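Visitor: I am new to this structure and would like to know what stands behind the words used for it. Please show it to me, and then I will ask.

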Amino acid sequence: MHTRDIYKKLFSNNAVVAHRGAWKIKGLPQNSIESLREAMRLGCAGTEFDVHATADGVFILYHDNIYAGKNIENHTYAKLAETKLPNGEVLPTLDKALMEGMKQTDTRLFLEIKPSSTVEKTVICAEKIVNKVIEMGAQPWVFYISFEYEAIKRIKQLAPSSMVAYLNENISSEQLKSDRITGVDYNYNFFKENISLIKNAQYLDLSLNVWTVNSPEDMDLFLNHNFDYITTDEPELLLSKQKMTI
Ligand code: MG
């Protein structure tokens with residue numbers, strides 16, 4: 001049995017990955033612990049979130065490089081955390097997100113390593129994050145994703161059994177396969193313009209992930225193509241669609 005199939009048995013058997021948590025319907029902040037909890041409560045197969053490193057090496061959940069007017073890479077966690085999220089939550093750390101994820105076994109954690117100011121810094125972040133995940137025993141929960149190919153490759157070296165998908169479309173599926181990358185995770189427009197890539201990736205046994213799919217028509221398209229994971233801002237809608245087809 002493939003690793004990917006084993007994981008499908010361990011976690012919820014649907015294709016739904018909540019993009020930055022399930023935040024939209026309940027008006028929660030994206031990448032908040034509360035939005036991750038909501039994705040878990042819904043029973044999504046995964047919840048995605050973005051990770052940056054602060055100046056003092058704390059990994060935090062946030063999408064942009066700038067938090068509350070401060071460049072994350074140049075400020076300490078204590079300084080950044082002076083500003084709470086709009087729901088009153090303390091700026092979430094990766095440790096906190098991993099601990100929340102490990103309380104349950106429905107929802108995997110799609111951990112996006114955001115690029116730092118240099119490739120070298122991004123690779124160092126990837127190394128530290130992998131070591132943290134291993135130390136905390138969180139490996140089965142984590143599916144790593146990144147736009148930085150050097151970081152992706154380093155993760156696979158450090159943790160060969162980990163699930164790792166590349167977010168950029170600039171490397172062939174054959175090359176990804178020979179570098180032992182687990183899967184592709186591309187923008188939905190790219191797949192729509194390159195439909196043959198879907199079959200080829202499936203032929204190569206790469207995991208197929210797509211983002212960010214919000215329209216009902218696109219959801220149908222990717223469900224019909226048997227994607228492993230579909231990342232969406234509308235997890236409730238995608239879950240209800242998939243329940244109808246299972
Ligand atoms: Mg992301």
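Guide: Methionine 99 has its place in helix α4, helices being DSSP runs of H or I with at least four residues and strands runs of E with at least two, numbered from the N terminus. This is a predicted model, in which local features need pLDDT of at least 70 and side-chain atom pairs count only at pLDDT 80 or more, while totals for chains, interfaces and linings use all residues. Residues are numbered from 1 along each chain as its sequence is written, and side-chain values use heavy atoms, with hydrogens and water left out.

Visitor: Why is methionine 99 called partly exposed?

Guide: Buried means under 20% relative accessible area, exposed means over 50%, and partly exposed lies in between (1.4 Å probe, protein chains only). Methionine 99 has a relative accessible area of 47%, so it is partly exposed. Its C-alpha atom is separated by 8.2 Å from that of alanine 138, 39 residues apart along the chain.

Visitor: Are glutamate 48 and aspartate 50 buried or exposed?

Guide: Glutamate 48 has a relative accessible area of 4% and is therefore buried. Aspartate 50, at 1%, is buried too.

Visitor: What covers the buried residues of α2?

Guide: Helix α2 covers residues 33–42, and its buried residues are Ile33, Ser35, Leu36, Glu38, Ala39 and Met40. Their cover includes β1 (16–18), β2 (46–53), β3 (59–61), α4 (94–101) and β6 (108–113). Just after α2, glycine 43 takes a positive phi of about 85 degrees.

Visitor: What is the phi of asparagine 31?

Guide: Asparagine 31 has a phi near 60 degrees, a positive value in a residue other than glycine. Most residues other than glycine have a negative phi. Asparagine 31 lies in the loop between β1 and α2, and its relative accessibility of 1% makes it count as buried. Aspartate 205 also has a positive phi, near 60 degrees. Aspartate 205 is in the loop between α9 (195–203) and β10 (207–211), and at 25% relative accessible area it is partly exposed.

Visitor: Why does serine 116 count as buried, and what does it touch?

Guide: Serine 116 has a relative accessibility of 18%, so it counts as buried. This serine is found in the loop between β6 and α5 (119–135). Contact means heavy atoms within 4.5 Å; leaving aside residues up to four places away in sequence, serine 116 touches Glu73, Lys121, Thr122 and Cys125.

Visitor: How do you know that the protein is as compact as a globular protein of its length?

Guide: The protein has eleven helices and eleven strands. Its radius of gyration is 17 Å, close to the 18 Å that the globule rule gives for 246 residues, so it is as compact as a globular protein of that length. The radius is taken over C-alpha atoms, and the rule is 2.2 Å times the number of residues to the power 0.38. Of the 246 residues, 54% count as buried.
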